[in-house]
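User: Hi! I'm new to this one and would like a friendly tour. Could you put it up on the screen?

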Amino acid sequence: MKSTLVIFGITGDLAQRKLLPALSSVIEAEKCDELRIIGVSRREVEQFEVLGEHHQHLDGTTSLFQMDLNDTQHYERLKDYIDAGDDEQVLYYLSVPPDSVTNIIERLGQAGMNGPRHKLLLEKPFGKDLDSARAMVEHTATYFDESQVYRIDHFLAKEMAQNIVAFRARNAIFSHLWSAEYIERVEVVALESIGIEGRVAFYEQTGALRDVVQGHLMQLLALVLLSLEGELDWESLPGHRLAALSAVEPADPVRSIRAQYDNYQSEVDNPHSPVETFVSLELHSNNPRWASVPLRLTTGKALDCKKTEVRIHFRGSTNGQGDCLIFKIQPDEGIEIDLMTKKPGYDQELEHQKLSYMYPADTRLPDAYEQVLVDAISSRKSLFATNDEVLRAWEILAPVQQYWSSVTDVQKYPSGSSVDDIINA
Ligand code: BG6
């Protein structure tokens, strides 16, 4: 199928770090035939500068288009430029700061660039709270039908996130145990050793709750909680994720920790900033299947390690039983089960061992952004968040957001701390 991908913000950080490398790999792997890329930028730039090291794979398919994003006539020019090709579909990727998104959507709509062959790919943040997210969903719906909208949550597209579903659906020993009767608690963690890496304005408006918990961690949690009956049907996943999130009760601020790494305020040059770089929340589902199972979501920057994992802790029937199944989302993608075994030797001692599956070293795992692009081009929506999922996630977080907005104090932690250090401080 002939497709044009129009990237708004081709010179921006996301396009440079994630989209161009992903496109380069996808084109090299011949996953998208007949793809034309139009990179939109506000300022005049040279193509070789924008494409950099991805020049080799992208040069032949890419062209740049300079425009003022606030000028209606420039959208007309862009429309003519796009229409000069004979594409069956046009995808707009809005890789731009949140405050430009609404404007671009409106102008695309007003210029008639929103017909059925057009798709809209949106990056988070999807609003900053429930009210703004609702307004954003409504505004987008004025110009684009929900079927045309692809809300990206790149965690859903990570190989191991998809594997949570495959593993649960296709391994009977675990599917029988997937309930409160056997599971004592669930932890979803996305820990980073890096700080905010110069994203000062973005982070000051966002913070860890909006940046990582609202989308990424909620989505991973939904993959654990969702009901998987019968045949594995990927297309039905968004509906199942929504049902899972709908049963999660609004977060209790009393069971929530927010903290900030020690030199954050000087890094953002705001001595009173209360913005959190660490969050840990305990949630609960009112689905009887998950009755009383604590569901802990934790994320933070400037920690002692980089690790994204989903940990399922099983109930031990006697003390000292091995009890943990870990989906290692990154790095060292794989699945690990914590087991107790007999220690070799004459004495009847036991020891911890791990049963683990890691992908062989030469396996190439596609980057999440490659998957996102391939799926959007192929009209596969299972790995994208629907408007209802986004709104439900905000509803769950609303009590914590409200409480935090009334408290200016934030717990501090030294860079390089562990999660336990922060939680037990
Ligand atoms: C992004 C957040 O969505 O995810 C970043 O904005 C975070 O703050 C990043 O660092 C983590 O993604 P990944 O794929 O590098 O683990």
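User: Thanks! Which residues does tryptophan 178 touch, leaving out those up to four places away in sequence?
Analyst: Good place to start. This is a predicted model, and in it Trp178 touches Arg168, Ile183, Val224, Arg289, Trp290, Ile312, Phe314, Leu325 and Phe327.

User: And which residues touch the most other members in the largest nonpolar core?
Analyst: Trp178 is one of them, along with Val186, Ile312, Leu325 and Phe327. That core has 71 residues.

User: Which helix gives the most to it?
Analyst: Helix α9, which covers residues 200-225, contributes 14 residues to this core. Apart from this core lies another one, made of 34 residues, including Val6, Tyr75, Val96 and Ala385.

User: Zooming out, how many helices and strands are there?
Analyst: The chain has 14 helices and 16 strands. Its radius of gyration is 23 Å, close to the 22 Å that the globule rule gives for 425 residues, so the chain is as compact as a globular protein of that length.

User: What does the C-alpha trace span?
Analyst: Along the principal axes, about 80 × 50 × 40 Å. As for the inside, 52% of the 425 residues count as buried.

User: How about contacts between residues at least 6 apart in sequence: what share join residues at least 24 apart?
Analyst: That share is 73%.

User: What about glutamate 197, what is its phi?
Analyst: Phi of glutamate 197 is near 50°, a positive value in a residue that isn't glycine. You'll find glutamate 197 in the loop between β7 (183-191) and α9.

User: Is glutamate 197 buried or exposed?
Analyst: Exposed: its relative accessibility is 57%, and the cut-off for exposed is over 50%.

User: And where is aspartate 269 found?
Analyst: In the loop between α11 (264-267) and β9 (278-283). Aspartate 269 has a positive phi of about 55° although it is not a glycine, and it is exposed, with a relative accessible area of 68%.

How values were computed: Residues numbered from 1 in each chain as written. Predicted model: local features only at pLDDT ≥ 70, side-chain atom pairs only at ≥ 80, totals over all residues. Heavy atoms only, no water. Core = buried A, V, L, I, M, F, W, Y, C linked by side-chain atoms within 4.5 Å. Buried < 20%, exposed > 50% of the residue type's maximum accessible area, 1.4 Å probe, protein only. Helix = DSSP H or I, 4+ residues; strand = E, 2+ residues; numbered from the N terminus. Contact = heavy atoms within 4.5 Å. Rg over C-alpha atoms; globule rule 2.2 N^0.38 Å.
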